[in-house]
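Visitor: Hi there, I'd like to walk through a structure with you. Can we put it up and start with the salt bridges?
Guide: Happy to, here it comes.
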Amino acid sequence: VIRLSAPYPTLETVTLLPNPEFGDSEALRDTVQIRRAMDGTTYSYVRRTGGRRQLQYDFNLGRMKALELIAFVRSYQASKIQLTDHLDQVWVGNLTVNPMELETALRSPTSPGRERVSVRLEFEGVKQ
Amino acid sequence: MALRVTQSHVSVLGDEPAGFDGTGKLRVTQSHVSVLGDQAAGFDGTGNLRATQLHVAVLATEGAGHDGTGTLRATQMHVCVLAGLPPEAVSDTISLNETVSINVGYNKSASDTIALNDESDFLLTAEASDTIALTEDAVGLPGKKASDTIALSEATTLRMGWFRSPSDTVTVQEELLRTIEVEDTLALTEQSVKVVVVEDTISLSEILFNDDRIEVFDIVVLSDTSEIPVDGSDTISLLESVTFVKTGQRDGSDDVVLYESASYIVNADCPECCDVTERYSPFVGTSSDPDSPDPPSTTVPTLTSSHSIVLSHPFDSPTLSMTLRAPLFGNRDRLTNQRIHRESRGGTLIVYSDPQWPKVYTLVMDFAVLSEETAQDYLDFLAATLGKEIRLVDHESRHWRGVLIQPDDPITRNKRCDLSASFVFEGELV
């Protein structure tokens, strides 16, 4: 279960999401620039981001849960968010996905809203 | 011829020895009284009987004071013994009054030291209380300091399960006509083996008059700890008044920011059990932060499935409308937020958005298997409402207010009676 809590640190709202689909990713946001001098010497310029990483999740949600997620993003799109991932790791950062897009994937009579929605969530933050 | 009694005669008559003063009068000596009363008697040398302490004691079987004049004197001790009563009350009254009056401005010091110790035990209702009122006045000269330091410690040991309440009440008032320093130091320690009521009441009142720079501050730290879930609250009432004659620099500031929030999750151990990962169920708590964004609505959206969408214009009183069939799968709801991403020199990501900045919903829909007539009606409607606000009722019966953008999206004739179209609508839910 993915847990989104906001605004950080005075957490007021919690939204629970199911586990993401396979294919989720975690990446550094640090950058390295390489410069090579005329004599062949290599210089590297590093820009660190203080341990900030980008998390990317793809969800297949019921229609009603997708509406809850988009309402959450609408409220806290500029706030710090605490994210507890499916590995029980706690992150604090911001949702960076913009625009957020819900794509209706298929019909699902057993789901609330009777449809399944695909949505991608992008988050950048620091692991606590 | 008168009879003259001689010693020899008395002895013979009374068969006792008798004093004889040589005047012919009978003189009583100690030995005579002792013989007559079978008691020792004082003899003052004048011939008069004198009662001594020893004699009274023998007669009354009690000790009696004797003042050396031959008069019986009763003392406090004797009365106590006679009445048989123990002491009922013990009280101490201390009155200290110190006055320092020197006409020249040398350093003056006045101090009172009082130590009271009350103990009360083995009583059903035990009360131990100290009441101290100190008043010090220092008038007229700089370099003076008036301070009171009071430390009260009261302990009540509950041995019989009765209600006992320890309390300290301290009232300190200091007043200086020209203040250099006013300081109150209170140390209250209360301890109960079985706590029924623990209460601290602190009342501080400071009055300052006329100084170049006046600083009045009170620091009170209260901490309540309970091992059982009870409501813990501290009530602090501070009253400070500064009366000034001369205006000077004064700084007053409070730097306390305290926000509280509460969040919750229902059935957090098993979210799947109550289907909270499928249905619309944001858990919205509360927050006292005034800058906290508005939380999402907890009202579940009402979605009523429909097989068509309706476009109409104008928004309030439509005069032009058309109906399209429900869109194909793959329709998209897009939320675009206006916000700023910046990265600091240290690599920190900063995201900012003003609450007034727009949050735009965009609906992207594709349609297929339209008839030629319906496709033409759509193009006509698009041409008539270019750039105008329309009402859109989507296939979930939600009403939107907005504008159709990208009017250059074509209709495509795939085959006979099979045309496709698409549009992009930008607006907001109503």
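Visitor: How many salt bridges are there over all chains?
Guide: The count is 17 salt bridges over all chains. Keep in mind as we go that this is a predicted model.

Visitor: Noted. Which residue does E343(B) meet in a salt bridge at 3.7 Å?
Guide: That is R47(A), with 3.7 Å from N to O between the side chains. E343(B) lies in strand β20 (residues 340-343) of chain B and R47(A) in strand β5 (residues 42-47) of chain A, so this pair joins two chains.

Visitor: What about D58(A), which residue is its salt-bridge partner?
Guide: D58(A) pairs with R120(A), and the closest N and O atoms are 2.9 Å apart. That bridge links distant parts of the chain, with D58(A) in strand β6 of chain A and R120(A) in strand β10 of chain A, 62 residues apart. D58(A) is partly exposed at 23% relative accessible area, and R120(A) is partly exposed at 39%.

Visitor: Which residues end up in one network through shared partners?
Guide: Salt bridges with shared partners join R29(A), R47(A), R52(A), E124(A) and E343(B) into one network.

Visitor: Nice. Switching to rings: how many aromatic pairs does a search of the whole structure find?
Guide: Seven aromatic pairs turn up over all chains. One of them is Y264(B) with F283(B): the ring centres are 5.5 Å apart and the planes stand at 70°, so the pair is edge-to-face.

Visitor: Where do Y264(B) and F283(B) lie?
Guide: Y264(B) is in the loop between β14 (261-262) and β15 (283-284) of chain B, while F283(B) is in strand β15 of chain B, so the pair ties together parts that are 19 residues apart in sequence. Y264(B) is partly exposed, with 40% relative accessible area, whereas F283(B) counts as buried at 6%.

Visitor: And how are the rings of Y361(B) and W400(B) arranged?
Guide: Their centres are 5.7 Å apart with the planes at 70°, so that pair is edge-to-face. Y361(B) lies in strand β22 (residues 359-370) of chain B and W400(B) in strand β24 (residues 399-405) of chain B, so parts 39 residues apart in sequence are tied together. Both Y361(B) and W400(B) are buried.

Visitor: Which residues do ring pairs link into a cluster?
Guide: The cluster is made of F367(B), Y378(B) and F423(B).

Visitor: I spotted some arginines by F315(B). What lies over the face of that ring?
Guide: R391(B) does, at 4.1 Å from the ring centre. The charged end of R401(B) also sits over the ring of F315(B), 3.9 Å from its centre.

Visitor: Back to chain A. How far apart are the ends of helix α1?
Guide: The end C-alpha atoms of α1 (residues 63-76) of chain A are 20 Å apart, which agrees with the 20 Å that its 14 residues should span at 1.5 Å a residue.

Visitor: Is α1(A) mostly covered or mostly open?
Guide: Mostly covered: 13 of the 14 residues of α1(A) are buried.

Visitor: Which residues form a nonpolar patch on the surface?
Guide: V32(A), I34(A) and V46(A) do, with about 260 Å² of accessible area together. V32(A) belongs to strand β4 (residues 31-36) of chain A and is exposed, at 54% relative accessible area.

Visitor: Last one: where is V126(A)?
Guide: V126(A) is in strand β10 (residues 115-127) of chain A, and it is partly exposed at 30% relative accessible area. Its C-alpha atom is separated by 7.8 Å from that of G50(A), although V126(A) and G50(A) are 76 residues apart along the chain.

Definitions and conventions: Residues are numbered from 1 along each chain as its sequence is written. Chains are lettered from A and ligands numbered from 1 in the order in which they are written. This is a predicted model: local features need pLDDT of at least 70, side-chain atom pairs count only at pLDDT 80 or more; totals for chains, interfaces and linings use all residues. Side-chain values use heavy atoms; hydrogens and water are left out. Helices (H or I, at least four residues) and strands (E, at least two) are DSSP runs, numbered from the N terminus. The expected span of a helix is 1.5 Å times one less than its number of residues. Buried means under 20% relative accessible area, exposed over 50%, partly exposed in between (1.4 Å probe, protein chains only). Patches are made of residues with over 30% relative accessible area and no salt bridge: like charges are joined within 9 Å, nonpolar side chains (Val, Leu, Ile, Met, Phe, Trp, Tyr) within 5 Å. Accessible areas come from the Shrake-Rupley method with a 1.4 Å probe; for residues, only the protein chains shown count as cover. A salt bridge is a side-chain nitrogen of Lys or Arg within 4 Å of a carboxyl oxygen of Asp or Glu. Rings of Phe, Tyr and Trp (its six-membered ring) pair if their centres lie within 6.5 Å; planes under 30 degrees apart count as stacked, over 60 as edge-to-face and the rest as tilted. A charge sits over a ring if NZ of Lys or CZ of Arg is within 6 Å of the ring centre and within 35 degrees of the ring normal.
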